[in-house]
Amino acid sequence: MLKLAYTVDSQWRNRNLFINGREEITAFLSKKWQNELDYKLKKEYWSHSDNRIAVRFEYGYRNLNGQWFRAYGNENWEFDENGLMAKRFASINDLEMAENERYL
């Protein structure tokens, strides 16, 4: 049901990937969550206007090989008149880290 949060033709940019439509977004997220384990996310609201929101985020996860990462960046969201996400553009940086460097 998560995919119902997006417009049928929703557009995403995630790192260097361009993802289009509910089905592609659902497939992308399913694969992401299979590879990013023990995921903890923190978001901070920056601003909004009309149908747009900007946030800063950081999250920690480990991959299937046990390597820990911290990812951080900015997201911009745009919603349609029904409140569904029509666009999401995320700039994300990943840093390898040791497990003892986790703070999320």
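1. β3 (37–49) and β4 (residues 52–62) are antiparallel partners, joined over ten bridges. Strands count as paired if DSSP finds at least two bridges between them. Within this pair, Ser-47 stands opposite Ala-54 of β4. The model is predicted: local features need pLDDT of at least 70, side-chain atom pairs count only at pLDDT 80 or more, and totals for chains, interfaces and linings use all residues. Residues are numbered from 1 along each chain as its sequence is written, and side-chain values use heavy atoms, with hydrogens and water left out.

2. The sheet is open and has six strands, ordered β2-β1-β6-β5-β4-β3, with mixed pairing. Its edges are β2 (17–20) and β3, each pairing on one side only. Helices (H or I, at least four residues) and strands (E, at least two) are DSSP runs, numbered from the N terminus. Neighbouring strands are turned by 15 degrees against each other on average, direction ignored. Axes are lines fitted to C-alpha atoms, for helices over the stretch in contact, and angles run from 0 to 180 degrees between N-to-C directions.

3. Helix α1 (residues 22–35) lies across β1 (6–14), β2, β3 and β4, at about 50 degrees to β1. Contact means heavy atoms within 4.5 Å. Ile-25 is in contact with Tyr-6, Ser-10, Trp-12 and Ile-19, leaving aside neighbours within four places in sequence.
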